[in-house]
Amino acid sequence: MKPVYLDYAATTPVDARVIARMLEFLGEDAQFGNPASRSHGYGWLAEEGVETARRQVADVLHCDVREVVWTSGATESNNLAIKGAAFANRERGRHLITATSEHKAVLDCFRWLETKGFEVTWLAPQADGRVDPEALKAALRDDTTLVSLMHANNETGVINDIAVLGELCRSNGTLFHVDAAQTAGRLLLDLSQLPVDLLSLSAHKFYAPKGVGVLYVRRHPDVRIEAQMHGGGHERGLRSGTLPTHQVVGLGEALMLAAQQMNEDSLRIGALRNQLWEGIADLPGVQLNGHPTQRLPGHLNVAFSGIDGDLLITALNQIAISSGSACTSASVEPSHVLTAMGLSREHALSSLRISLGRQTTKDDVDRAIKNVCLAVHALTKR
Ligand SMILES: *Cc1c(COP(=O)(O)O)cnc(C)c1O
């Protein structure tokens, strides 16, 4: 019997309806043309697929199709947004702000920019994982050109109030970038209302394939960023390279489907997540990490005090979960997100991330509860 997959925050399986859409663009009898080929029908039909997907993304995000830039994923979108905005605006100022609980793809961009003559203010999140708007307000300066803060955290699922944080940036004349890789398709993202200038998303977090993403770049007011990839001038010069048509159409279809079933998905997944929590909350030393309610419905980040997280993961052979974020699972460092929230090294090392998704069933949750209870009892006995 395969272990139950409870690592939907790391990645999701591709939806069958999305695979069907992608297959229309793969193979000799499909629309395999280069979407940039302007001189024949093969190119036009591929381009039509790309533009349909762009329309789907723009509809879900409530933005203009010209504000949607295809990338290879949220890592690239974050790089393009952060480095691109920092360099395009460096004559106006060299001060940037982010938080210590961001994804590595954001943290590493800012660390690199520090070596290139930029000054970075690193905000610590509150104990509940959220960034305090007052702390942002205090950090903003006249020469602050960019703030980057995530919508929901990939490890804890804790949701930042991007409307309030963005308003502070806007009234300071500072660009606001949001890494929304965890929230696209899971929470409403209305860019006609939100004061967000740049927004990253990644297809494989919402039941579409790996290797494709989007950077939203606002046109009103006009947001200037410098391209990081140079070549054929694709994507209005912001991101050169032949578009992976099948990936792009898959992303568009998946985001549209996720938006259509968002309410029923989050109600169902949230109820299962709560059931899982209720099944393990009374175990000795168990504690919930992060804000109890301002949290994505599928996330559960739990500390098992006194138990080593890696030993626990080995004992949890019936469920596929993650200790901290997948990107650091090769090393034994405690989660930088949990330590940023002020949790001790020991507490962080005893914490696990369980994340539920569309395919999770009640039976899966029952099996997970049983496995966790047995493992915790076995490991606390000695
Ligand atoms: C998954 C994730 C990323 C990285 O996205 P890729 O498309 O895998 O490069 C970045 N930020 C957050 C918050 C994520 O969850």
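**Rings and cavities**

Phe118 is buried, because its relative accessible area is 5% (buried means under 20%, exposed over 50%, partly exposed in between, with a 1.4 Å probe and protein chains only). The model is predicted, so that local features need pLDDT of at least 70 and side-chain atom pairs pLDDT 80 or more, while totals for chains, interfaces and linings use all residues. Residues are numbered from 1 along each chain as its sequence is written, and side-chain values use heavy atoms, without hydrogens and water.

A search of the whole structure finds six aromatic pairs (rings of Phe, Tyr and Trp, the last by its six-membered ring, with centres within 6.5 Å; planes under 30 degrees apart are stacked, over 60 edge-to-face, the rest tilted). One of them joins Phe32 and Tyr42, tilted at 50° with centres 5.5 Å apart, and Phe32 is partly exposed, with a relative accessible area of 45%. The rings of Phe87 and Phe118 are edge-to-face, because their planes stand at 80°, with 5.2 Å between centres.

The structure also holds two cavities of 30 Å³ or more (on a 1 Å grid over the protein atoms alone, a cavity is a set of points where a 1.4 Å probe fits but cannot get out, and lining residues have an atom within 4 Å of a point; a volume is the space filled by probe spheres set on the points, which are joined across faces, edges and corners). The largest has a volume of about 190 Å³, and among its 18 lining residues, Gly185, Arg186, Tyr207, Asp265 and Ile269 are the closest to its centre.

Technical notes. 1 Å grid on protein atoms, 1.4 Å probe; cavity = no way out; pocket = protein on both sides within 12 Å on 5 of 7 lines; lining within 4 Å.
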